[in-house]
Amino acid sequence: MVPPTFVIIGAGLAGAKAAEVLREKGFDGRIVLLGDEQHRPYERPPLSKDLLTGKADRESAFVHPENWYTDHDVDLRLGAAVTAIDRGAREVVLGDGSRVGYTKLLLATGAEPRSLPGADATLRLRRFGDTEALRQVLATGSRLAVVGAGWVGLEVAAAARQAGLEVTVLEALELPLLPALGREAARVFADLHVEHGVDLRLGVQVAEAGPGGVRLADGTRIEADAVLVGIGAIPNTALAEAAGLDVDNGIQVDEHLRTSDPDIFAAGDVANAYHPLLGRHLRVEHWANALKQPAVAAAGMLGVDAVYDELPYFYTDQYDLGMEFLGHPDGYDRVVFRGDVAAREFIAFWLKGGKVVAGMNVNVWDVTGPIKALIRSGSAVDIDRLTDPSVPLADVNTDRSGAPA
């Protein structure tokens with residue numbers, strides 16, 4: 001009997017973790033892990049954090065040691081771009097024309113940074129080479145322009161300011177991180193960067209960007225030694241779409257991470273997954289999904305219907321601010337704070353109909369567990385108790401006797 005072959009397209013964190021989980025769960029068939037880069041799988045958050053600032057070396061970013069793949073009989077193929085999925089033949093087609101048959105297939109193709117039209121000479125941040133180019137700018141340059149005040153743009157801005165560069169951040173919206181945080185909490189990050197000397201320009205449109213700087217739509221010219229474009233990412237869905245899978249802001253999958261083809265799964269940045277707790281599809285481009293979704297996808301590939309219902313989670317470090325965020329605040333109607341917002345030691349809660357739907361702890365640690373419990377409870381909270389630092393978060397929904405509040 002021919003042993004089954006599980007093929008994974010995408011040798012990033014999600015792909016590598018899927019291979020790891022398959023072996024941990026006892027799968028003894030063939031695993032083929034295909035990646036278009038020349039590096040073995042690595043994590044991407046360090047690219048804008050410790051790798052960029054020089055606090056860590058490249059080796060620390062790799063998901064597994066170099067010998068892990070051979071030790072676990074994983075056929076890791078680097079520089080192996082996949083050009084097509086032949087669902088009828090149950091094969092994937094590689095750039096050299098060769099084919100690899102599959103019993104089950106996992107798509108972990110990730111996402112690519114959006115580009116500005118005509119801005120080919122600008123920098124972006126997605127791969128090792130991007131970080132190395134930025135490190136060179138931080139080491140030898142004096143001025144950096146950042147287009148886009150999202151997480152990557154602000155983390156790079158912070159690293160550049162700490163390296164002594166003049167930094168201009170250009171954002172089309174009225175506040176940084178507005179879609180992610182809303183106006184109430186986004187102001188915290190705007191003030192943080194202005195206090196650290198960033199020239200933060202909001203509500204501006206970029207007309208042209210290149211190696212010498214940026215020209216705004218109103219004609220203003222910002223001179224810079226380099227320009228980083230950080231305006232979001234686009235999921236890599238071309239293979240799935242050409243193969244006839246359901247695609248809508250990513251590859252559509254159910255709570256088991258199964259696509260419209262029962263033998264094909266998707267995980268990580270590319271997966272637009274149905275979230276049973278939130279009651280909707282959600283595509284999240286953060287590290288936690290790439291880390292945790294593969295276990296559910298691997299279970300499905302092995303014939304066990306696990307469910308992915310983890311709350312969205314992400315984190316950032318900028319200057320002396322460390323932050324963790326849990327939940328999904330879409331449609332929130334109120335934000336309340338616990339702690340000292342001015343000192344940037346607080347927890348923010350997003351509420352909808354009196355229930356906590358998201359929480360963000362800033363320079364306050366070891367609270368993600370009770371924040372997660374508040375969100376998962378789906379219960380209305382007492383706002384006075386929620387915002388009172390003397391009431392333990394675990395006790396917000398109970399009175400002093402331990403009964404529900």
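Helix α6 of this predicted model buries Leu178, Leu181, Gly182, Ala185, Ala186, Val188, Phe189, Ala190, Leu192 and His193. These buried residues pack against α5 (151–162) and the strands β11 (199–202), β21, β22 (321–327), β24 (345–352) and β25 (355–362).

**Geometry of α6**
- A bend of about 95° is found in α6 at Glu184.
- Just after the helix, Gly197 has a positive phi of about 90°.

**Gln318 and its surroundings**
- Gln318 lies in strand β21, which is made up of residues 313–318.
- Gln318 has a relative accessible area of 0% and therefore counts as buried, the cut-off being under 20%.
- A polar contact of 2.7 Å links the side chains of Gln318 and His193; His193 is itself among the buried residues of α6.

**The β21–β22 hairpin**
- Strands β21 and β22 run antiparallel and are joined by six bridges.
- Tyr313 is placed opposite Leu326 of β22.
- Two residues separate the strands of this hairpin, and Tyr319 in the turn adopts a positive phi of about 55°.
- Both β21 and β22 are among the elements against which the buried residues of α6 pack.

Key
Residues are numbered from 1 along each chain as its sequence is written. This is a predicted model: local features need pLDDT of at least 70, side-chain atom pairs count only at pLDDT 80 or more; totals for chains, interfaces and linings use all residues. Side-chain values use heavy atoms; hydrogens and water are left out. Helices (H or I, at least four residues) and strands (E, at least two) are DSSP runs, numbered from the N terminus. Buried means under 20% relative accessible area, exposed over 50%, partly exposed in between (1.4 Å probe, protein chains only). A polar contact is a pair of N or O atoms within 3.5 Å; within protein, one must be able to donate a hydrogen and the other to accept it, and residues adjacent in sequence count only if both atoms are side-chain atoms. The bend at a residue is the angle between axes fitted to the seven residues ending there and the seven starting there. Contact means heavy atoms within 4.5 Å. Two strands pair if DSSP finds at least two bridges between them.
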